[in-house]
Amino acid sequence: MQPLAIVLAWLASLLQHPAAAEAPALRAPVALQIAPELQAANTIELPRDIPLFPLPEVVLFPGVRRPLLFYEPRYREMVADALKGDRIIGMVLLRPGFEADYEGRPPIHGIGCAGVIEDYERLSDGRYAILLRGLTTFRVVSEDQRKPYRLARVEAVPELLKDEERASLSRLRERLAQLLDAVLPLGVEPPDPGLEDTEFINVTAQALTMPEAVRQDLLERNSVLARARALVERLAPK
């Protein structure tokens, strides 16, 4: 099946979130796909203003694909507008206590990840199923009220990896792969061993079961080497 067909087949089996459905952790196979053309983050330029999609249980990482299903009218409008333009949506994590103002504009974390809509389908009832690929982390500078959905001025935050750090990253990736073999439940596959080191780290950070606050902390480490170290520390036997 094509990627979006896989997304739709998987979404049909879920009890959906009122705003969007997202893949469970070390999640459905489509959520573990990585963009083969993943670019260095410092080559990616974001528009000055991008729409924000805030959720309580979704953190997107650069290069990783994630299926999403949109229900609410304001976010359907957001997807429609994005499809008319550059197809970019910024994923941000809601802060605890968001329930009190969910229909409004509850507080969000200031660091998110922008993604581009790679594929989509508008369903017969008006919902949108999309496949979003992470591009780069960003910092929210300000928000305005021009749209029913959230729109923000942002600054891209490059992911840092120096040439002299690549050997250390490879060693950490090997250690992380060993730890995953030991902790993953029976029948759950680890990320593709053929992935490059940066891709392997970001797939693991997005897919591994953990509190979303911890995942957000990993996203905010704009060094993939620091992210790899944090993952190894989290999984290593105490």
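On a 1 Å grid over the protein atoms alone, a cavity is a set of points where a 1.4 Å probe fits but cannot get out, and the residues that line it have an atom within 4 Å of a point. The model is predicted, with local features needing pLDDT of at least 70 and side-chain atom pairs counting only at pLDDT 80 or more, while totals for chains, interfaces and linings use all residues. Residues are numbered from 1 along each chain as its sequence is written, and side-chain values use heavy atoms, with hydrogens and water left out.

The largest cavity is lined by Val-58, Val-59, Leu-60, Met-91, Val-92, Leu-93, Ile-111, Gly-112, Cys-113, Gln-216 and Leu-219. Two or more residues of this lining come from each of β4 (88–93), β5 (111–122) and α5 (212–220), where helices (H or I, at least four residues) and strands (E, at least two) are DSSP runs numbered from the N terminus. By class, the lining holds 9 nonpolar residues, 2 polar ones and no charged ones; here Ala, Val, Leu, Ile, Met, Phe, Trp, Tyr, Cys and Pro count as nonpolar, Asp, Glu, Lys and Arg as charged, and the others, Gly among them, as polar.

Helix α5, which contributes to that lining, also packs against helix α6 (residues 224–235), at an angle of about 150° and with the axes 9 Å apart. Axes are lines fitted to C-alpha atoms, for helices over the stretch in contact, and angles run from 0 to 180 degrees between N-to-C directions. The angle therefore makes α5 roughly antiparallel to α6, given that angles under 35 degrees count as roughly parallel, over 145 as roughly antiparallel, 65 to 115 as roughly perpendicular and the rest as oblique. On the α5 side the contact (heavy atoms within 4.5 Å) is made by Val-214, Leu-218 and Leu-219, and on the α6 side by Arg-227, Ala-230, Leu-231 and Arg-234. These contact residues divide into 5 nonpolar, no polar and 2 charged.

Helix α6 has a further partner in helix α4 (residues 197–207), and the axes of these two come within 10 Å and cross at roughly 50°. The pair α4 and α6 is therefore oblique. From α4, Thr-198, Ile-201, Asn-202, Thr-204 and Ala-205 meet Val-224, Arg-227, Ala-228 and Leu-231 of α6. This contact is made up of 5 nonpolar, 3 polar and 1 charged residues.

Definitions and conventions:
1 Å grid on protein atoms, 1.4 Å probe; cavity = no way out; pocket = protein on both sides within 12 Å on 5 of 7 lines; lining within 4 Å.
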